[in-house]
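Welcome! Take a moment to turn the model around on your screen, and then read on for a short tour of its parts.

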Amino acid sequence: MAAQSWRDSLRAARKTAVVQDVRKWRRKSQLGSQGQWQVEVGEISSGTFGSLEQQLIQENSSNPIFTRKDTKTSFQWRIRNLPYPRKVYSATIDPEQRCCIVRTSNKKYYKRFNIPDMDRCGLPLDSSALSFTHANNTLIITYQKPREILQQEQEVLQELKKVKVAEDGDVECKTQ
């Protein structure tokens, strides 16, 4: 089972912090050093203000912003800065590519995204579980979690409860 191997790798992984509403992974680069963070759930934190990179070039604040925020019973994606009316949007499932597709009829926005949790468990995508709504220039796409995912999340939660919590004075101090 793919889900079982994922749980095994989670048990063996070094857990540095548990942050609510954020799930990100850090893999080693080709040269063996720590690579970039890959954010799966939550928002990508922008760098520190005042850094040279932000002063030279900055993304337009009216560009659509795609983030994932999960609830207890569903996967949820939010796309901010989409000003078109609800009737313009369509959300569909592509079973061959195992992804969701969001598009507008006026061809101003198109996005393909997968659901990594469903891929890990090897579960098929169901178009009846996909829905969307639009309010305040934000498109909210919702995919209802299947029973297998809910069960897996309970097992992961039980595993995280076993992690020893560091107290304020318990800081790793490496000596030379």
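## Starting at Q76

Apart from neighbours within four places in sequence, Q76 is in contact with T67, R68, K69, D70, T71, I140, I141 and T142, where contact means heavy atoms within 4.5 Å. This is a predicted model, in which local features need pLDDT of at least 70 and side-chain atom pairs count only at pLDDT 80 or more, while totals for chains, interfaces and linings use all residues. Residues are numbered from 1 along each chain as its sequence is written, and side-chain values use heavy atoms, with hydrogens and water left out.

**More about Q76**

- Q76 lies in strand β4; strands (E, at least two residues) and helices (H or I, at least four) are DSSP runs, numbered from the N terminus.
- With a relative accessible area of 13%, Q76 is buried; buried means under 20% relative accessible area, exposed over 50%, and partly exposed in between (1.4 Å probe, protein chains only).
- The side chains of Q76 and R78 are joined by a polar contact of 3.1 Å. Such a contact is a pair of N or O atoms within 3.5 Å; within protein, one must be able to donate a hydrogen and the other to accept it, and residues adjacent in sequence count only if both atoms are side-chain atoms.

**The whole protein**

- The protein has four helices and nine strands.
- Starting from the N terminus, these elements run α-β-β-α-β-β-β-β-β-α-β-β-α.
- Of the 176 residues in the protein, 28% are buried.
- Among contacts between residues at least 6 apart in sequence, 49% join residues at least 24 apart.

**The four-stranded sheet**

- Which strands build this open sheet? They are four, in the order β3-β4-β9-β8, and their pairing is antiparallel; two strands pair if DSSP finds at least two bridges between them.
- At the edges stand β3 (65-68) and β8 (130-135), each with a single partner strand, so one side of each has no neighbour in the sheet.
- From one strand to the next, the twist averages 15°. The angles run from 0 to 180 degrees between N-to-C directions, and the axes are lines fitted to C-alpha atoms, for helices over the stretch in contact.
- Strands β3 and β4 (residues 74-80) run antiparallel and are joined by four bridges; here I65 stands opposite R80 in β4.
- Six bridges join β8 to β9 (residues 138-144), and these strands also run antiparallel. The bridge partner of L130 in β9 is Y143.
- In a regular strand the side chains alternate between the two faces of the sheet. In β8, the covered face has L130, F132 and H134, while the uncovered one has S131, T133 and A135.

- L139 lies in strand β9. Is L139 buried or exposed? It is buried, with a relative accessible area of 1%.
- Neighbours within four places aside, the contacts of L139 include W77, Y89, V102 and F132.
- L139 and N81 are 58 residues apart in sequence, and 8.5 Å apart in space from C-alpha to C-alpha.
- N81 is found in the loop between β4 and β5, and is partly exposed at a relative accessible area of 28%.
- Most residues other than glycine have a negative phi. N81, however, has a positive phi near 70°.
- N136 is not a glycine either, and has a positive phi of about 55°. N136 sits in the hairpin of β8 and β9, which has two residues between the strands, and counts as exposed at 77% relative accessibility.

**The three-stranded sheet**

- Another open sheet has three strands in the order β5-β6-β7, with antiparallel pairing.
- Its edge strands are β5 (89-94) and β7 (110-113), each of which pairs on one side only.
- Four bridges join β6 (residues 99-104) to β7, and the two run antiparallel. I101 has R112 in β7 as its bridge partner.

**Helix α4**

- Helix α4 (residues 147-161) has 15 residues and reaches 21 Å from its first C-alpha to its last, close to the expected 21 Å. The expected span is 1.5 Å times one less than the number of residues.
- Its buried residues are I149, Q152, V156 and E159.
- They cover an arc of only 75° around the axis, which puts them on the same side of α4; the arc is that of the directions from the helix axis to the C-beta atoms.
- Exposed residues R147 and K161 are carried on the face of α4 turned away from its buried side.
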